[in-house]
Amino acid sequence: MSLNKKEPQPFWKIKSLVEMSAKEWESLCDGCGKCCLEKLEDELSGEISYTAVACNLLDLETCRCARYEQRHQYMDDCIQLDTKNISELKWMPSTCAYRLLAEGKDLPAWHPLVTKNKNSAIEAGITIKDRAVTAKDAKDLEKYIVDWPE
Ligand code: SF4
């Protein structure tokens, strides 16, 4: 007699964002680096435009923050993403795992937690790799406005 053993469900399918451990929460970040791009807000409409200019702390090769643990010491305006503000930050990219789960959606097939390959977001071409410059090399942000991320 063969028993059909069911695979356990991954944590993001059975836990809400508030139920996740700090380690689980951190592992949701796919490392796209898109939220670390400078943004411009239209004074009249309030509309947010992304630029292809990355925060000086972002490593353009790995698309990860080079000073992640100390980032708030270096960057006053770096937002600490949490379960309370994720639904309010409408400019977060539509591919962001935190946004997807907060909207009741699943992780995409290319997400590193799904593929078990830490480079799969880069390999899928959804990161800022080869598409961004670092802030210290960009003078006029308006010249770098892009129509991605969505
Ligand atoms: S947009 Fe989301 S998934 Fe991408 S780097 Fe930022 S927090 Fe991580």
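Colleague: What am I looking at, and how is it numbered?
Modeller: This is a predicted model, in which local features need pLDDT of at least 70 and side-chain atom pairs count only at pLDDT 80 or more, while totals for chains, interfaces and linings use all residues. Residues are numbered from 1 along each chain as its sequence is written, and side-chain values use heavy atoms, with hydrogens and water left out.

Colleague: How many helices and strands are there in the chain?
Modeller: The chain has 6 helices and 3 strands. Both are DSSP runs numbered from the N terminus, helices being H or I with at least four residues and strands E with at least two.

Colleague: Which pattern does the chain follow along the sequence?
Modeller: The pattern reads α-α-β-β-α-α-α-α-β.

Colleague: And what does the C-alpha trace span?
Modeller: Along its principal axes, about 70 × 30 × 30 Å.

Colleague: What share of the residues count as buried?
Modeller: Of the 150 residues, 33% count as buried. Buried means under 20% relative accessible area, exposed over 50%, and partly exposed in between, with a 1.4 Å probe and protein chains only.

Colleague: What about contacts between residues 24 or more positions apart?
Modeller: Those pairs make up 55% of the contacts with a separation of 6 or more. Contact means heavy atoms within 4.5 Å.

Colleague: Which residues surround the ligand?
Modeller: Cys-29, Asp-30, Cys-32, Gly-33, Cys-35, Met-92, Pro-93, Cys-96 and Tyr-98. A residue is near a molecule if one of its heavy atoms lies within 4 Å of it.

Colleague: How does that shell split by class?
Modeller: There are 7 nonpolar, 1 polar and 1 charged residues. Ala, Val, Leu, Ile, Met, Phe, Trp, Tyr, Cys and Pro count as nonpolar, Asp, Glu, Lys and Arg as charged, and the others, Gly among them, as polar.

Colleague: Asp-30 is in that shell. What does Pro-112 touch?
Modeller: Pro-112 touches Asp-30, along with Asn-117, Lys-118, Ser-120 and Ala-121, not counting residues up to four places away in sequence. Pro-112 is in helix H5 and counts as buried because its relative accessibility is 13%.

Colleague: Where is Ser-120, then?
Modeller: Ser-120 is in helix H6, residues 120-123. Its relative accessible area is 6%, so Ser-120 is buried.

Colleague: Which residues does Ser-120 touch?
Modeller: Beyond four places in sequence, Trp-110, His-111, Pro-112 and Thr-115. A polar atom of the Ser-120 side chain also lies 3.0 Å from the backbone oxygen of Asn-117.

Colleague: What about Lys-116, buried or exposed?
Modeller: Exposed, because its relative accessibility is 74%. Lys-116 lies in the loop between helix H5 (112-115) and H6, and its phi is near 60 degrees, a positive value in a residue other than glycine.

Colleague: Which other residue has a positive phi, near 65 degrees?
Modeller: Cys-63, which is also not a glycine. Cys-63 is found in the loop between strand E2 (48-54) and H3. At 2% relative accessibility, Cys-63 counts as buried.

Colleague: Why flag those?
Modeller: Because most residues other than glycine have a negative phi, and most peptide bonds are trans.

Colleague: Which peptide bond is cis?
Modeller: The bond from Trp-148 to Pro-149 is cis, with omega near -10 degrees. Pro-149 is in the segment after E3.

Colleague: And Glu-150?
Modeller: Glu-150 also lies in the segment after strand E3 (133-134). Glu-150 counts as exposed because its relative accessibility is 73%. Leaving aside neighbours within four places in sequence, Glu-150 is in contact with Pro-93 and Ser-94. Pro-93 is one of the residues around the ligand.

Colleague: Last one: Glu-24, buried or exposed?
Modeller: Buried, because its relative accessible area is 17%. Glu-24 lies in helix H2, residues 22-27, and is in contact with Phe-11 and Lys-15, leaving aside neighbours within four places in sequence. The C-alpha atoms of Glu-24 and Gly-125, 101 residues apart along the chain, are separated by 24 Å.

Terms used: Polar contact = N/O pair within 3.5 Å; in protein donor to acceptor, adjacent residues only side chain to side chain.
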